[in-house]
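I am opening my notebook on a structure that is new to me, and I want to write down what I look up, one entry at a time.

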Amino acid sequence: MSTCVHPSIIAVISLNVIAQTRPIAYPAKGQSPQQQQKDDGQCYSWAKSNTGIDPAAVAAAPPPPAGPAAGGGERVRGAARGAAGGAAIGAIAGDARKGAAIGAVAGTMSGGARARQNQKAAQASAQSQSQGAMDTYYRAYAACMSGRGYTIQ
């Protein structure tokens with residue numbers, strides 16, 4: 001049985017992971033909520049300009065394409081390889097056409113599995129890159145807030 005995860009679910013999971021790593025700033029010097037909001041906005045802008053990373057853009061980045069069209073032709077190539085191999089085996093057994101048909105089906109299935117593996121790898125890579133970018137941004141944000149007298153966790 002094949003397990004397929006919809007790209008929007010991956011995007012939500014990715015956003016949850018990103019949101020969980022955001023540092024929490026405690027007003028250690030008695031800053032008011034208004035001052036904390038002002039400092040938060042200024043540190044957001046400072047971290048964004050110094051790292052070149054916009055958390056809103058990272059969060060809004062679309063997940064890698066998924067579905068049959070994103071397979072990159074693995075199914076077609078698998079079918080062609082399977083048909084060629086099946087025809088050769090079928091010729092030895094006395095029915096090249098039947099061997100080619102069986103090989104094509106097996107090759108299509110193999111190509112589909114390869115396509116799913118490639119999609120999972122692309123999704124994992126995209127998530128890793130997003131997380132790395134957000135880690136860099138949050139380190140800069142935390143440094144700014146810490147410099148303004150907040151305790152960061």
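How many residues does helix α2 have, and what distance does α2 reach from its first C-alpha to its last? I looked this up in what is a predicted model, and I found that α2 runs over residues 33-51, has 19 residues and reaches 26 Å, close to the 27 Å expected at 1.5 Å a residue.

Next I looked at which residues of α2 are buried, and I noted D39, C43 and A47. Seen down the axis of α2, the buried residues fall within an arc of 65°, so I take them as lining one face of the helix. I reminded myself that an α-helix has 3.6 residues a turn, so residues three or four places apart point the same way.

I then turned to the face of α2 that points away from the buried side, where I found the exposed residues Q34, Q37 and S49. Just after α2, I noted that G52 takes a positive phi of about 75°.

Last, I checked the confidence, and found that the protein averages a pLDDT of 75, with 59% of the residues scoring at least 70. Over residues 8-19 the pLDDT is below 50, and I noted that this stretch has twelve contacts in the model beyond near neighbours in sequence.

Note on methods
Residues are numbered from 1 along each chain as its sequence is written. This is a predicted model: local features need pLDDT of at least 70, side-chain atom pairs count only at pLDDT 80 or more; totals for chains, interfaces and linings use all residues. Side-chain values use heavy atoms; hydrogens and water are left out. Helices (H or I, at least four residues) and strands (E, at least two) are DSSP runs, numbered from the N terminus. The expected span of a helix is 1.5 Å times one less than its number of residues. Buried means under 20% relative accessible area, exposed over 50%, partly exposed in between (1.4 Å probe, protein chains only). The arc is that of the directions from the helix axis to the C-beta atoms. pLDDT is the predictor's confidence in each residue, from 0 to 100. Contact means heavy atoms within 4.5 Å.
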